[in-house]
Amino acid sequence: MSGSDTQRGNKKPDICLEIRDVVKQFPGVTAVDHVTLEIQEGEIFSFLGPSGCGKSTLLRVVAGLENQDQGDVLIAGQNVNELPPYKRDCNTVFQNHALFPHMTVAENIGFGLVERRLSKIEIKKKVAEKIELVTLGGMEDRRPDQLSGGQRQRVALARALILEPAVLLLDEPLAALDRKLRKEMQIELKRIQREVGTTFLNVTHDQKEALSVSDRIGIMNEGAFLQIGTPDEIYEKPGSIFVASFMGATNIFSGKVVSQKDGKVELETDQGLRVFAPEPENNTSDPVVGFSVHPELIHLKPETSDESPSDPANQTIFHGKINEVFYQGDFSEFTVALKETDMLITVHLTRGRGYRLQMPEGQNVEVSWDCSSNNVLRG
Amino acid sequence: MRAMDEISVSQSQAQKREKRKLALNIAAYLFPIIIIVVVFVFAPLAIILFFSFLKSGPYGQIVYTFTFENIGAILGGGYGKVFLQSIYLALQTNLLCILFGYPIAYYITRFGGKWKTLWIFLIIVPSWSSYLIRLYALKTLVGTKGTINTLLMNLGIISEPIQILYTNFAVTMALVFAWLPFMILPIYAALDGLDRSVLEAATDLGATPFRRFFRVTLPLTRGGLLAGSILVFIPTVGEWLVPSIFGGSKIMMAGSLVAHKFTAVGNIPQGSSLAIMLAATLVLILYLTIKWGGREALEKAL
Amino acid sequence: MKKKRIASKILWVLSSLTLIFLWAPMILIIVFSFSNNKYGSSWEGFTLKWYVKLFTNDQVRDALMRSLIIAGVTVVVATLIGTITAYGLYKLNFRGKQFLRTSILLPIVFPSVVTGSALLVFFTRLVHIPLGYPSIIIAHIVFCSPLAVFIILGRMQRFDWSWEEAALDLGATPFRTFLRVTGPQLLPAIMASAMLIFPWSFDDFVITYFVAGVGSTTLPIYVFSQLRFGATPVINTIGTLFVSITMLGMVLVYFVQKMGKSNS
């Protein structure tokens with residue numbers, strides 16, 4: 001729960017959605033386990049987690065499509081526990097879009113307005129506005145089965161936005177799209193959100209998507225939030241082994257603290273290697289269980305006879321042998337086996353960082369990185 | 001030039017070979033069904049079409065004089081009324097089947113839970129038990145000396161048996177009884193195939209359950225309704241057993257007229273003309289249904 | 001949520017009433033088949049004597065045998081024709097295919113009285129096929145084959161034909177391919193069509209009545225003739241057996257399907 005404190009800063013924005021101690025159980029599993037969360041007006045907040053972590057269930061509780069066993073949901077300050085979905089001030093973009101197959105694009109988008117008993121003229125005007133917003137001009141009279149995946153996506157978005165909900169809920173809406181289209185839609189999603197200013201609550205299992213579209217991310221596992229923060233906080237300073245590995249960190253080492261001084265901690269890994277790391281900012285009661293370091297922060301060079309000047313408090317240096325090299329196009333991935341241990345360390349060298357260095361498999365190398373890159377993990 | 005000629009010659013030879021192969025295949029695979037269709041469907045239809053323009057002699061023999069009398073008796077006469085009555089009864093049956101069938105199909109899909117299979121089982125069993133036996137069973141219940149009358153008289157509620165048989169009500173009830181399962185099952189299939197998230201989307205966008213039913217559920221199950229209607233309406237129009245058991249001589253339907261002419265009176269020309277008209281009526285109805293509802297619905301019904 | 005519960009209660013009541021309507025007459029004759037009442041229309045104490053009477057009744061045994069033979073032959077022939085026709089319709093493309101498909105539908109779509117009377121006239125006036133087994137079996141094949149065609153064709157349309165290509169690629173001749181790959185894959189559909197055709201043929205009254213002639217009494221014709229004389233307890237016993245066998249068959253099919261699913 002670290003990020004929310006830093007975000008608030010001096011001016012406290014309005015709370016748009018509040019979830020208080022919500023529990024939802026299904027036979028045999030606790031899908032949502034005592035979750036408390038505040039989402040601010042106008043932000044894009046992503047629930048990120050592996051499938052089955054309860055993120056979709058939590059979203060459905062907010063939408064009213066599931067009833068929580070315990071706890072409260074407040075939308076724009078109003079407790080909506082007793083309200084059915086059709087009376088809540090939030091709308092959903094469903095995973096498979098859930099467009100009405102028997103209605104045209106315009107009828108789909110205008111569905112909610114008909115329920116609000118607006119006049120035909122007003123409906124027409126508002127639908128036209130939304131069609132323009134999602135750039136679907138000329139598609140008004142098509143049926144969902146005549147649309148491409150990206151177009152359906154836009155219809156679903158326009159349909160959910162037309163009632164101007166306090167919160168827009170997105171249930172993995174981009175999951176069904178292919179990679180290129182997904183990228184395009186992420187940009188679109190962000191543009192549309194900035195344009196309408198509605199609070200977006202986005203559920204996803206795609207780390208890249210969460211990092212690129214969100215203002216804040218909540219990492220979920222087994223029905224609870226493990227860490228909440230801005231994308232850079234989540235990526236650069238994961239607090240636990242789960243978050244670090246879920247965000248794609250490949251160099252995670254378990255170990256314990258052996259000493260602590262000057263805002264630095266010294267850790268010893270299970271294999272006996274020692275590194276220094278900055279002291280973690282948030283002091284929870286959880287013990288330190290290890291550290292992680294991102295592969296793109298590590299330097300790699302052929303081992304030379306003359307020893308580099310060693311300053312273990314600022315620079316971590318190990319020696320090893322290149323195990324494997326994977327060419328990836330924009331970067332190359334090296335795995336290095338550290339000497340006298342069975343530890344493997346992954347290094348990414350981008351083209352700009354000289355990845356064309358002639359370092360074949362079996363070459364003895366020196367890996368080094370700044371101690372500030374070491375990120376302490378708790379658990 | 002010569003080389004090109006040779007190529008085109010060999011091409012046309014290849015084409016010929018392909019054609020011969022196709023003809024051979026058609027002969028091999030489709031010969032039996034073509035025999036059935038040509039000999040046992042089209043030829044009999046042709047012969048009754050032919051007979052429907054002939055006359056019947058006093059001893060049931062066929063008199064080979066050309067006449068429009070039989071067709072005239074249907075288009076202008078009392079038989080025409082029986083045809084209209086049949087269509088009316090079938091329409092009424094169809095509507096009643098929808099009225100009774102939709103709620104039960106809806107209930108099973110939405111609230112059936114673990115009992116779903118049992119419900120469906122209890123609906124399929126009657127549709128597969130003997131048609132004749134089922135009608136007989138219904139007659140045992142509602143007949144003049146039937147269970148309902150016996151029970152009510154023994155209890156002293158009525159002194160005279162209620163006349164249920166041989167009324168429009170009895171025929172309609174029997175038709176609904178006989179054909180209801182064939183309406184429930186396609187509606188159930190359509191409801192069961194509905195994408196839940198589409199219904200959730202409607203709720204999410206502000207539709208109350210009642211409004212949602214009419215704006216989303218009903219339009220999306222139109223295919224099932226149409227399939228069920230084809231399954232119920234078509235056989236009902238040509239029904240013979242139900243009117244003969246429950247209508248007696250009072251309520252006639254087109255099917256009973258045909259059967260009457262062939263099996264009781266032995267007037268083949270008149271019977272033939274009635275059968276041809278009945279077939280034509282159904283083909284017309286089917287054609288209109290397909291035109292209005294699309295071919296998929298018909299194929300789904302099968 | 002309360003509203004939802006009320007709605008489900010109302011629907012439950014409606015559905016139960018409908019189900020009772022569908023089942024009450026059947027339950028009634030099942031009960032009466034064990035009743036001492038000689039008209040078979042009220043309860044006068046338990047007895048099994050009608051069942052004894054049923055099994056010692058020569059007419060019934062005769063009719064049952066006849067129905068079984070007819071249905072048996074029909075199932076075999078119609079399923080065979082259905083299978084090869086479906087295969088031909090699926091694989092071959094030619095002009096007039098759509099017309100052929102529609103024509104095959106006719107015997108299903110036409111009312112039984114039309115099919116029955118047309119065949120009767122055909123058998124007696126045009127080609128002289130003796131009324132009895134030959135005419136009945138031909139008639140049954142005519143109205144049952146289309147059913148088999150469309151059931152099996154429906155399965156073929158959802159079939160992964162790359163299996164067939166794989167078999168051909170691995171050196172199987174077309175005939176061996178059908179025997180080892182396509183046939184076994186279609187077997188469930190072929191079985192299903194056989195299981196649908198059997199009751200169709202066995203239970204058919206109208207068409208059979210038209211083309212049976214004198215003396216060829218099948219079971220439905222026997223039941224119909226008894227109906228004319230009013231209810232008898234023996235028909236109750238036949239009805240009871242019919243319903244029980246249908247239910248048994250359906251339960252069997254259900255479990256066979258379930259086993260098939262859990263195996264694959």
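# Notebook: where the parts meet

I began between chains B and C, where the rule finds four residue pairs in polar contact, both residues at pLDDT 80 or more (N or O atoms within 3.5 Å; within protein, one able to donate a hydrogen and the other to accept it, sequence neighbours counting only if both atoms are side-chain atoms). The model is predicted, with local features needing pLDDT of at least 70, side-chain pairs 80 or more, and chain, interface and lining totals using all residues, while side-chain values use heavy atoms, without hydrogens or water. Residues are numbered from 1 along each chain, and chains are lettered from A and ligands numbered from 1 as written.

**Chains B and C**

I looked for salt bridges between chain B and chain C and got zero (Lys or Arg side-chain nitrogen within 4 Å of an Asp or Glu carboxyl oxygen). How many residues of each chain are in contact here? I noted 79 from chain B and 83 from chain C (heavy atoms within 4.5 Å). Next I looked up the buried area between chain B and chain C, about 7100 Å², and carbon and sulfur atoms give 85% of that (accessible area, 1.4 Å probe, lost by two parts put together, summed over both). On the chain B side, the largest share is from helix H1 of chain B, residues 2–51, with 21 residues (helices, at least four residues, and strands, at least two, are DSSP runs).

**The two domains of chain A**

In chain A I have domain 1 at 3–236 and domain 2 at 238–379 (bounds from an automatic or database assignment). Their C-alpha centres lie 38 Å apart. I found 15 residues of domain 1 of chain A and nine of domain 2 of chain A in the contact. Between them, domain 1 and domain 2 of chain A bury about 1000 Å², with 68% of it on carbon and sulfur atoms.

In the contact I found eight residues from domain 1 of chain C and four from domain 2 of chain C. The area buried between these domains of chain C is about 450 Å², with 95% given by carbon and sulfur atoms. C:Leu54, C:Met195 and C:Leu219 lose the most area on the domain 1 side, together 55% of what that side buries. Helix H2 (49–56), helix H8 (174–203) and helix H10 (219–228) of chain C are the elements giving two or more residues to the domain 1 side.

**One residue: A:Val134**

I found A:Val134 in the loop between helix H4 (120–133) and helix H5 (149–161) of chain A. Is A:Val134 buried or exposed? I put A:Val134 down as buried because its relative accessibility is 0% (buried is under 20%, 1.4 Å probe, protein chains only). Leaving out residues up to four places away in sequence, A:Val134 touches A:Arg154, A:Ala158 and A:Ile192. I also looked at A:Ser285, 151 residues from A:Val134 along the chain, and their C-alpha atoms are separated by 47 Å.

Technical notes: Buried < 20%, exposed > 50% of the residue type's maximum accessible area, 1.4 Å probe, protein only.
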